[in-house]
Amino acid sequence: MSVISAGAAPPTDAALAEVALSRAEYEAAARLLGREPNHVELGILGALWSEHCSYKTSKPLLRALPTTGAAVLQGPGENAGAVDVGDGFACVFKIESHNHPSAIEPYQGAATGVGGILRDIFTMGARPVALLDSLRFGPLEEPRQRHLFEGVVAGIGGYGNCIGVPTVGGELYFDESYRENCIVNAMCVGVVPSERLTRASARGPGNAVLLVGADTGRDGIHGASFASVQFDDSSEERRPAVQVGNPFLEKCLMEACLELAGDPRIVAMQDLGAAGLCGSAAELAHRGGVGVEIDVARVARREQGMTPYEVMLSESQERMLVVVRPQDVDAVQQVFERWDLHSDVVGRVVAEQRFVVRDGGAAVCDLPLDVLVDGVPQRTAPGPRPERAMTLEHRMWASPWPMEETLLRLLRSPNLGSRRAVFRTYDHQVGDATVVRPGGDAAVVRIPGSVRGLAMCTDGNARYTSLAPRRGAAIAVCEAARNVVATGARPVALTNCLNFGNPEVNDVYWDLHDAIAGIADACTALGVPVVSGNVSLYNESERSRIAPTVVIGMVGVIDDVARHCAAAFASEGDEIAVAGPLAGRLDASELQRLGFGVNAKVAPDLDLDLERRVQSFVGEAIAAGLLHSAHDLAEGGLGVAAAECAIWSGLGLRAEIAELTHPPDGERAPFEAAGILFGEGQSRFLISYAREALVQLQDLAARHSVPLRALGTVGGSRITFSGVLDVSLEAARDAYEEALQPSA
């Protein structure tokens, strides 16, 4: 029976807004409890019932995703997903969002996003070996957007560099829809011997709960609630909800936790992230089918006068909960002391499945765990599926500029050009395991103690998802898989971050619904499970809403890292070809955006069976040693991909497509040069190979029923498509390197 007396007065609308609860949700909680919750309980319910923690809109939809497979060791539901990557190792990875905090305080918002995703990985006993990001901002030429962009990049680099984990890849886009709501997603990949994999599931009534790491302050209070409401003109006042990070302290916390990973004295570990102590303690207990009591009087604080409400809801960083047997407390605390970390026994595991908070002897919260963790009413569609008005006409838009100028404009675009300005902020070689550096299709990191390697990337194109959410989300999965395949890796699993607007708006809800269905379509077709993920909603303001942004983090395995494949051309005289369809459509392309300023056309077609066959062909060709380079054709199409391969290698190319632009019988429209060079068709790679490998490649392509179109040869100092385009490699490189530079 609860020790909390009934009779608390119902909260005001302002009080409910502070904890991001609707009146209906509050009334549902009161019915489940049989009483009005008190002030502390209301704050805890608001945090755990927030969209950010409860997934009350997306949870029913996410059940459609395939989450199992032969290699899956841990699917969704833990701190991160884990897959078997061979040689006795598990790869642990996840992606998370820190959008709202980064929009208010870009450096700390991004830095603490990195800190949080790192803890998700080493909580499971895995040593982080790589960080990646996925970033979206408004137009770069606007001073505020450049401030956000530079602050976020500095925050990611500052935290990752200090803690000693390389940031090896990512993606970056600029678009009008992100002007008031930037997107900052961070992904971490770790490696652990499979037998040392650690779960966050409390058990054993009487076991002690230790709080380890930083002292608790008032930073981050209501952070989870803040991430579950849309921005308005008062959002700047929520700056105290942004946490402050300390990467040097987290480094010590990481090393101590890794030392204890797999130790039989450790029953469970759980990082303190969203909703702070209340969220982490409740999740630990609920997963284990037990209860937990927390005494806030035992929590070390760095600020005086903190109330139980503030202690429980604080999202101060660099903190961990550890469950140990009473007889092991002293020994475990000695390990933390050796790393100069403070630890306190702040609670205990109990048999009854309740969440109890005490302040010394007085109970200030007593809630059933099933109500707290699973009791939030799940949301359904606000209305019927809306009709989508889509232009179905298939057109090949002409470029508004000469071909040479078109290529240079695309290379200069902030969405396509060099990311050197970003990557030079990051230490991408610390740890000495990075094999393929950032800037290509995917990064490759060596698995310590093994000849195997991990390929990894983040990918997504909101332009496609805006036009056709299901197809656009499937394209995001396929492109991420192509990026990994291009290195010679076999995609094994993915994580996703779903960034959308207010799900209480009917269009947004159905966009989310259809995007999840699209991820499921592609994962099923490619045989790649989803093992972790994150949903970030309410990314909108009173004036604008972000485009539906599906970000996919893909991980693949290379059996021998020494046999990886690069995107840059390798040798003068190699032949080049396109594997997959040659031409793409310009609708919804980067060229169409630059030339016409609108995106409301048609998303690219996607044939999932063809996608699977093309990926299999390229993977087998690399494994057989037939390819010298492979590069995914994505934004900017063949022309930009060819220029990138040339710029990265310092080797030009001579290709021939002129005869395709002058077909017989007047059938010109499908073969316009702009569509061939800059269309963004799917399921395509640009490959290079020695001339003597051509026959074997043709045979392999025929077995997979994959189109293979020879284009020309590598060499020289120009990028030439005979009769269509001729640009010096120097001019292309200069344009490419200008993309993110401040305008004069």
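The largest cavity is lined by L211, V212, G213, A214, D215, T216, R298, V299, A300, H342, D344 and V346, where a cavity is a set of points on a 1 Å grid over the protein atoms alone at which a 1.4 Å probe fits but cannot get out, and lining residues have an atom within 4 Å of a point. The structure is a predicted model, in which local features need pLDDT of at least 70 and side-chain atom pairs count only at pLDDT 80 or more, while totals for chains, interfaces and linings use all residues. Residues are numbered from 1 along each chain as its sequence is written, and side-chain values use heavy atoms, with hydrogens and water left out.

The volume of the largest cavity is about 60 Å³, a volume being the space filled by probe spheres set on the grid points, which are joined across faces, edges and corners. A search of the whole structure returns 6 cavities of 30 Å³ or more. Strands β7 (208-213) and β11 (343-350) each contribute at least two residues to the lining of the largest cavity, and β7 gives the most, with 3 residues; helices (H or I, at least four residues) and strands (E, at least two) are DSSP runs numbered from the N terminus. The lining of this cavity comprises 6 nonpolar, 3 polar and 3 charged residues, with Ala, Val, Leu, Ile, Met, Phe, Trp, Tyr, Cys and Pro counted as nonpolar, Asp, Glu, Lys and Arg as charged, and the others, Gly among them, as polar.

Both β7 and β11 belong to an open sheet of 7 strands, with mixed pairing and the order β8-β10-β7-β11-β9-β12-β13; two strands pair if DSSP finds at least two bridges between them. At the edges stand β8 (266-271) and β13 (362-368), each of which pairs on one side only, and the twist averages 25° from one strand to the next. Strand β7 pairs with β10 (residues 319-324) in the antiparallel sense over 6 bridges, and L211 stands opposite L321 in β10. Helix α11 (residues 276-288) packs on this sheet, touching β8, β9 (291-295), β10 and β12 (354-359), and its direction makes about 30° with that of β10; contact means heavy atoms within 4.5 Å, and angles run from 0 to 180 degrees between the N-to-C directions of axes fitted to C-alpha atoms, for helices over the stretch in contact.

Strands β22 (residues 653-655) and β25 (residues 718-721) run parallel and are joined by 3 bridges, with T720 in β25 as the bridge partner of R654.

Of its 50 lining residues, G439, G440, D441, W648 and Y736 are the closest to its centre. The lining has 24 nonpolar, 14 polar and 12 charged residues, and β5 gives the most to it, with 6 residues.

Methods. 1 Å grid on protein atoms, 1.4 Å probe; cavity = no way out; pocket = protein on both sides within 12 Å on 5 of 7 lines; lining within 4 Å.
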